Every structure is written in structure tokens, then in C-alpha cells.
Amino acid sequence: MPRRSQELAEFRDNGFVVLKNYLSTPQIDAIGESLACFMAGREASHGLRNVLLLLPKIRGILAEAEAENTASFFASRTVSPVKSIFFDKVPGKNWFVPWHQDLTVALKSREQAGGFANWTSKAGACHAEAPLSLLQSMVTIRFHLDESGPNNGGLIVLRGSQKLGRIKRQDIRKLIGATIDRPVAFPVHCDSGDLLVMSPLLLHSSARSRNLLPRRVLHIEYAPLGDLPEPLKWAQDPRQSCGQTT
Ligand SMILES: O=C(O)CCC(=O)C(=O)O
């Protein structure tokens, strides 16, 4: 099987796959510089939302790296970025996230639409839990600027859990409890330049960093833009805003 086909099979089976050495060193450095310039002088933070909207240079680098084509390949249809977040774990802002699936999408305004529930507001954008069919068509790519693993709060995933659809909170607890004797909770190790391609439905968590080495990650969610039912609109739709994305 050609390499990318094997990776696609792995992605479908496990809910995630690591693409090694995807970004070049100049691309990693340019993304890192762009983020550092933007964050300079701001309070230390664990992240930044709407990265692609705020930093068009990073949009350009990801276009050069054909990130959208890669996301579309794994989604098996054309997808575009609809949410982009920069994450780091830094002294004073060292954090953890409990086991969860990424169920929310960022939308322009709150509207009545079947299957969208639990509306909240984050960074000025409405968020709602999306229907399963939309989540199943989405792909998340995490672009690693640094090595990331168990010692600096890298992602831990539950292999294959994306196949279970939307998992209730009490079932998440049972699933994680059931893994004690079975090594299905998998700490993902990525090197600088690697991409983690994952389903938003994959159960994942991350611990606080133990060594506080940089763990810069660009987390971008891709969706088929046309799949949003009327009258909903993406918070940032690349078709309507000169390539701007959240
Ligand atoms: O970067 C992390 O450690 C976790 C982020 C996460 O869980 C998420 O974006 O859903």
C-alpha cells in the first residue's frame, strides 16, 4: 500500500495518525516567529484562538504546506479550516484537560437548527455542539512546533473511540476505567514538524507538563463548509472573508 493509503487506513481504524516530518524547519521557525511576535508583550497565555484570522502569514505557510489538501485527503472530501487555536503549556499557565471529545463548532450566530445544542460563547463566537454527522465529516490537524509527549503534557488518546460516536459522560468514565489493564490509552509522541491528524470524536485528554519544555501546537479543525444547515453560518467562512478562518 502506498504510504498515505496506509496512513488513511490507520486514521480510519484508530481515529488518529501521526504524519512524520511534515513541516520543514523554515516553516516551523516562521510559524513560531509569527506567533512569538503576536504574543510579545501580552500576558503569558496557554493559547490563542482564531490564529488563522489573526495571523495571515501562518495561513500562507499552511497553504504552502498544502495543509488543506492533507485534511481533505483524510476527510475523504473537500474540507476547509473552521477553527484554529494555538496551545502551549507555560510556567504559570500549565494546564490539563480531562477526557473528552471535541463536539463544538464555532458559528456566526445562534439560530434554530436541528441537531445543534448546548450553545456557549467563547472569544466572541457562538459555539454549539454539532450533530454527529457533521462531526464525522470533520478532521482535526495538530501541527507540532516542538516535541510533544508524556513529559510535557502531550495528548493521550483512546484508540478507536471515534467509532463509538458521541459518548455520554458516564460512559467516558467507564471506558477510561476499563483501560486500566488494557493499553488502549495511548500517549501520542510527536516531534517538531510532525502532524497529528485526528477525528474530533476521538476521546482525548492531556496532563500538566512535568518538564515545562515548550509544547507549541497549532490545532486546526477542518469541515466541509457546505454541510452547515440554513440558517447557520460558520463564524469565519473562508469563502466569504478573503480566506479568513477562525
Ligand atoms: O492541547 C491539549 O493539551 C488539549 C487540547 C484539547 O483537548 C482540545 O483542543 O480539545
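Mentor: The crossing of H2 and H4 is left-handed, a term used if the near helix is turned anticlockwise from the far one by less than a right angle, with right-handed used if clockwise. Please keep in mind that this is a predicted model, in which local features need pLDDT of at least 70, side-chain atom pairs count only at pLDDT 80 or more, and totals for chains, interfaces and linings use all residues. Residues are numbered from 1 along each chain as its sequence is written. Helices here are DSSP runs of H or I with at least four residues, numbered from the N terminus.

Two packed helices are described by the angle between their axes and the distance between the axes. For helix H2 (residues 25-39) and helix H4 (residues 56-64), the angle is about 165° and the axes lie 9 Å apart, where axes are lines fitted to C-alpha atoms over the stretch in contact, and angles run from 0 to 180 degrees between N-to-C directions. H2 and H4 are therefore roughly antiparallel to each other, the word for angles over 145 degrees.

As for the residues that meet, H2 brings Gln27, Ala30, Ile31 and Ser34, and H4 brings Lys57, Ile58 and Ile61; contact means that C-beta atoms, placed from the backbone, lie within 7 Å. By class, this contact of H2 with H4 has four nonpolar, two polar and one charged residues, counting Ala, Val, Leu, Ile, Met, Phe, Trp, Tyr, Cys and Pro as nonpolar, Asp, Glu, Lys and Arg as charged, and the others, Gly among them, as polar.

Elsewhere, an open sheet of four strands has the order E4-E12-E9-E10, with antiparallel pairing, where strands are DSSP runs of E with at least two residues and two strands pair if DSSP finds at least two bridges between them. The twist averages 20° from one strand to the next.

Notes:
Angles under 35 degrees count as roughly parallel, over 145 as roughly antiparallel, 65 to 115 as roughly perpendicular and the rest as oblique. Two residues are in contact if their C-beta atoms, placed from the backbone, lie within 7 Å.
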